[in-house]
Amino acid sequence: MTTSTVPAATVEEAFAAFYEQVVSRLHAVAEDAARGGLDAAIDLVVASIRRGGVLQAFGTGHSQAFAMEIAGRAGGFIPTTAMALRDVVLHGSRETSALTGSTLERDASVVDELFALTPADPADVFLIASNSGVNGSVVGVALRAKADGHPVIAVTSLEHTNAVTPELPGGIGVGAVSSLTAAYIAQLITIGAAARIAALGETPPIYLSANIPGGDDHNHALEARYGDRIRRTA
């Protein structure tokens with residue numbers, strides 16, 4: 001039996017190329033944010049939180065990572081919920097087989113079930129991430145949220161560049177960047193909104209790490225203000 005390995009120089013070159021792809025994209029996002037490109041989204045988040053609203057985050061596939069950056073993590077806002085397709089199994093009546101493959105992700109009919117399981121207040125804002133922006137469930141959630149009168153913030157790639165320029169011999173594309181840029185955007189929105197709330201002389205409702213003294217007490221006290229409007233699952 002023979003095996004082949006990628007030469008060390010090729011691995012190093014691939015790492016360097018990927019690094020350049022990531023840095024260039026993050027730099028572009030940072031420049032856009034500095035020019036005010038995220039201001040409208042930040043304003044919607046600030047307005048929602050000050051009205052007692054909850055940030056409803058949604059994404060499918062790897063875009064679920066965006067929702068996880070927004071909802072329920074240390075350094076992020078407490079009034080947040082991550083909507084997920086698995087909710088129709090965990091909290092609804094669908095069988096676990098519904099989660100097999102990508103059928104549910106493309107099924108717009110799941111939207112009504114998701115909204116029935118997600119108590120939404122008129123003050124809530126929806127943050128929806130999708131690299132392609134075309135899957136039925138994602139488009140359906142955005143349209144339903146708008147129809148119900150909620151502001152919608154969409155994070156998507158107009159160029160649909162889920163993979164970077166080919167890094168390996170033979171034109172093989174490897175290394176996804178969209179998860180990194182989406183996470184960065186989520187954190188910029190969070191930081192920007194928290195800074196604006198603080199500038200208004202108010203204390204932004206931010207999660208403390210559960211690993212520091214008093215963290216759990218702080219978090220639980222603020223979570224209690226929202227009751228079952230926020231959902232935390234493993």
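**Reading a predicted model by its definitions**

Student: What makes a stretch a helix or a strand?

Tutor: Both are DSSP runs, numbered from the N terminus: helices are H or I with at least four residues, strands are E with at least two. The protein has eight helices and four strands. Their order from the N terminus is α-α-β-α-β-α-α-β-α-β-α-α.

Student: Which residues of H2 are buried, and why are they said to line one face?

Tutor: They are Ala41, Ile42, Val45, Val46, Ser48 and Ile49. Seen down the axis of H2, the buried residues fall within an arc of 165°, so they line one face of the helix. The arc is that of the directions from the helix axis to the C-beta atoms. Buried means under 20% relative accessible area, exposed over 50%, and partly exposed in between, with a 1.4 Å probe and protein chains only. An α-helix has 3.6 residues a turn, so residues three or four places apart point the same way.

Student: What do the buried residues of H2 pack against?

Tutor: They pack against strands S1, S3 (125-130) and S4 (152-156), and against helix H7 (178-199). A contact means heavy atoms within 4.5 Å. Just after H2, Gly52 has a positive phi of about 85°.

Student: What makes S1 and S2 a pair, and in which sense do they run?

Tutor: Two strands pair if DSSP finds at least two bridges between them. S1 (residues 55-59) and S2 (residues 80-83) have four bridges, in the parallel sense. Ala57 stands opposite Ala82 in S2.

Student: Why is the unit of S1, helix H3 and S2 called right-handed?

Tutor: A crossover is right-handed if, with the strands pointing away from the viewer, the path from the first strand over the helix to the second runs clockwise. The β-α-β unit made by S1, H3 (residues 64-70) and S2 is of this right-handed kind.

Student: Why is Ile128 called buried?

Tutor: Its relative accessibility is 4%, so Ile128 counts as buried. Ile128 lies in strand S3. Leaving out residues up to four places away in sequence, Ile128 touches several residues, including Phe58, Val138, Val141 and Val155.

Student: What makes Arg73 and Glu69 a salt bridge?

Tutor: A salt bridge is a side-chain nitrogen of Lys or Arg within 4 Å of a carboxyl oxygen of Asp or Glu. For Arg73 and Glu69 the N to O distance is 3.0 Å, so the pair meets that definition. Glu69, at 17% relative accessibility, counts as buried, whereas Arg73, at 36%, counts as partly exposed.

Student: How many salt bridges are found in the whole structure?

Tutor: The search finds ten. One of them joins the side chains of Asp124 and Arg229 at 3.0 Å, N to O. This pair links distant parts of the chain, with Asp124 in the loop between H5 and S3, and Arg229 in the segment after helix H8 (215-223), 105 residues apart. Asp124 is buried, because its relative accessible area is 0%. Salt bridges that share partners also join Asp39, Asp43 and Arg196 into one network.

Student: What share of the protein counts as buried?

Tutor: Of its 234 residues, 40% count as buried.

Conventions
Residues are numbered from 1 along each chain as its sequence is written. This is a predicted model: local features need pLDDT of at least 70, side-chain atom pairs count only at pLDDT 80 or more; totals for chains, interfaces and linings use all residues. Side-chain values use heavy atoms; hydrogens and water are left out.
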